[in-house]
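Please open the structure in your viewer and keep the selection tool at hand.

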Amino acid sequence: MAKWWKALAGAGVISLLPGAALAAGDIGGATMGPLWALPFAGMLLSIALGPILFHHLWELHYGKFAAFWALLLLVPLVALRGFDASLGAVLHTALLEYLPFIILLFALFTIAGGILITGNLHGSPATNTVILAIGTVMASIVGTTGASMILIRPLLRANDNRRHNVHVVVFFIFLVSNIGGSLTPLGDPPLFLGFLRGVDFFWTTWHLLPETGFAVVVLLPLFYALDSYLYSKDDSLPSLKDPTPDRNLKLWGKVNIPLLAGVIAAILLSANWKPGVVFDIHGVHVELQNLVRDVILLGLAGLSLVLTPKQVRAGNEFSWGPILEVAKLFAGIFICIIPVLAMLQAGREGAFSSLVALVNHPDGSHNTVAYFWLTGLLSSFLDNAPTYLVFFELAGGNAKELMTTGALTLAAISGGAVFMGANTYIGNAPNFMVYAIAKDRKIAMPSFFGYMLWSGAILIPVFILQTFLFFR
């Protein structure tokens, strides 16, 4: 047994050792062994299991968990691959992916958090279905997080006098917190990462519209039928006192609506304006149009903070906690994923050659069914944004090729990441936020595995049909 452990340790050390001297930003992915992926795996497992197994500890120290896994990667990276190579790789990730990603989320979170809907509707099947439909459309405009935070409280108030209302929240997570965000880079974090990698802004609008439309056309009528049945059961029982009587709806924070339009305009500007001005920061090329976009987004968020009355944000129970958590956790994710992406870029020459073989046919062509399901299943448990990046690189990482000759593969990766983020509470950030808000309102939400029974029974058949219809 001792010899076995020594052999394993020796193999692990060899897998970490550098080859020749490396240029800035080049960490030699082809010469890296699988142990380099350990911090990334640990980071994702911490996010997946921390809130469930040790919730209180996680809430207090999630930033320290992220820092631990990041340092577990950075220390050997600098020691074995050199300071210049490591600094270049970190700067590339920070300047071209992490900061633009967080700035967009911050802008959408801030602006959407300044929009408040007061009043109350009667939670009939027709009303609930209309709210879900509106939220599904909104998700691709203000993001799944923004749409979820704007609409979940009005939806809960509309149904707080019903005995059967758990299904309303479950379908809300399916449609508003996930599937609805599939049509633009604003909708869901994975798609914005694709946009940062060169995928056109409206590419997913046209290439995922049939798949998204199919899911919505199946799920909304199914929800209406289920809600109608349970609504009739409620009617047959003594009525409950309504803690929030019906009254007209009112929209507050309207100043944020043109600010949201400004977010869209800023992103479109960066996609279409190419002045050719590039700043070189330790080998990382930062383009002027992307800097302008990020400054505009920060300015729009600042305007929202100044122009939105404090009582509006108070009505939304707005706090900086969620976006702070996302910023810290994704800092860890983006650092830990650096060697994983480098190894994937090495293709069949890298440590993940078996994974490359799994998602490709013997002739080298992409197995789109495998891309859809592997991206989706991992996105269900390990956050869909980094999972998207992994499979994007696995498919070659060239946005221009993936948007044309590899369009079906890119659609499969995008659809798997966005759609199947709905399979668990931890697949996409808004899922757990909606769950927490509903539970706080005394909704008897299903447990982690109880929710998976819902998604398994309802969503998996939809995804199987999507596979046969769109991804073969």
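Begin by selecting R313 and F318: the charged end of R313 sits over the ring of F318, at 4.8 Å from the ring centre. Please bear in mind throughout that this is a predicted model.

**Aromatic rings**

Remain with rings for the next stop.

Next, select F68 and W69. Their ring centres are 4.9 Å apart and their planes meet at 70°, so this pair is edge-to-face. Is W69 buried or exposed? With a relative accessible area of 15%, W69 is buried, while F68, at 47%, counts as partly exposed.

Now select F171, F174, F223, Y425, Y435 and Y451 together; ring pairs link these residues into a cluster.

**A threonine in a loop**

Select T184, which is found in the loop between helix 6 (166-175) and helix 7 (189-196). T184 has 10% relative accessibility and counts as buried because the cut-off for that term is under 20%. Display its side chain: one of its polar atoms lies 2.5 Å from the backbone oxygen of S140. Which residues does T184 contact, leaving aside its neighbours within four places in sequence? They are S140, L191, F201, T204 and T205.

**Helix 10**

For the last stop, select residues 256-272, which make up helix 10. Colour N256, L259, L260, G262, V263, A266, I267 and S270, which are buried. Then look down the helix axis: the buried residues of helix 10 fall within an arc of 155°, so they line one face. An α-helix has 3.6 residues a turn, so residues three or four places apart point the same way.

Turn to the face directed away from the buried side, where the exposed residues P258 and N272 are carried. Finally, display helix 4 (83-112), helix 5 (125-158), helix 7 and helix 11 (288-307), against which the buried residues of helix 10 pack.

How values were computed. Residues are numbered from 1 along each chain as its sequence is written. This is a predicted model: local features need pLDDT of at least 70, side-chain atom pairs count only at pLDDT 80 or more; totals for chains, interfaces and linings use all residues. Side-chain values use heavy atoms; hydrogens and water are left out. Rings of Phe, Tyr and Trp (its six-membered ring) pair if their centres lie within 6.5 Å; planes under 30 degrees apart count as stacked, over 60 as edge-to-face and the rest as tilted. Buried means under 20% relative accessible area, exposed over 50%, partly exposed in between (1.4 Å probe, protein chains only). A charge sits over a ring if NZ of Lys or CZ of Arg is within 6 Å of the ring centre and within 35 degrees of the ring normal. Helices (H or I, at least four residues) and strands (E, at least two) are DSSP runs, numbered from the N terminus. A polar contact is a pair of N or O atoms within 3.5 Å; within protein, one must be able to donate a hydrogen and the other to accept it, and residues adjacent in sequence count only if both atoms are side-chain atoms. Contact means heavy atoms within 4.5 Å. The expected span of a helix is 1.5 Å times one less than its number of residues. The arc is that of the directions from the helix axis to the C-beta atoms.
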